[in-house]
Amino acid sequence: YGDWSSDVCSSDLTGATLAPGVGAGTLLISSNLSLNGGATLAVELASTNTLGGGVNDLISVAGALNLSGVNTLKVVPLGNLLLSTPYSFLAYTGALSGSAANFTVTSDSRLTFAVDTTTPGRVNVSATGGTPLLLEWSGGLAALPNTWDTRNSGNWLGAIFGDQFFAGDTVVFNDFATEFSVTLNGDLYPANTQIEIGRAHV
């Protein structure tokens, strides 16, 4: 979180990631922001589309927003996102050049996304499809029997045994697991975590 007082352009950001912070917050840029391709914006979004306010990430630009080339927006869900509902991740007070075509969206979730620039002073992203899963921890995968990671180890039971965890899934720990010791690997963003056990996972 914080302020950026000089003009920011993608020559400063190419190959780097611009994010408001760890946990939802607002980054204030007190001049212009230019994204000329190769920049990554990482935003954390919650289960309600409140503008900033420590609920959702927001990059607030007190000047013009200039878009060109292809920049990456990485969406990190902090809960069950609202479908077909705009979340504002960029706000600006000056002129806009460029369009939604200057963004491509990635996410470690099961959702698909679209960017929209038609609202004056805002750049929005909406979840357009996809369904997070309810997963029960099982463990026991050969070579990685205790690992909880993202989009890799199939230690979960969803529609089938061997499902992988995606960001935004709801996870359940209960007494029916094969392995009761869980090793966390990397940044993990479940929408909800449910504990339904008498025997503790560690």
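User: What counts as a pocket here, and what volume does the largest pocket have?

Analyst: On a 1 Å grid over the protein atoms alone, a pocket is an open set of points where a 1.4 Å probe fits, with protein on both sides within 12 Å along at least five of seven lines. Grid points are joined across faces, edges and corners, and the volume is the space filled by probe spheres set on them. This is a predicted model: local features need pLDDT of at least 70, side-chain atom pairs count only at pLDDT 80 or more, and totals for chains, interfaces and linings use all residues. Residues are numbered from 1 along each chain as its sequence is written, and side-chain values use heavy atoms, without hydrogens and water. For the largest pocket, the volume comes to about 280 Å³.

User: Which residues are closest to the centre of the largest pocket?

Analyst: Lining residues have an atom within 4 Å of a point. The largest pocket has 18 of them. Closest to its centre are E44, K74, V76, D187 and Y189.

User: Which element gives the most to that lining?

Analyst: Strands are DSSP runs of E, at least two residues, numbered from the N terminus. The elements giving two or more residues to the lining of the largest pocket are β6 (40–45) and β9 (71–77). With four residues, the top contributor is β9.

User: What percentage of the 202 residues in the protein is buried?

Analyst: Buried means under 20% relative accessible area (1.4 Å probe, protein chains only). The C-alpha atoms fill a box of roughly 55 × 30 × 25 Å along the principal axes. Of the 202 residues, the buried share is 44%.

Methods
Buried means under 20% relative accessible area, exposed over 50%, partly exposed in between (1.4 Å probe, protein chains only).
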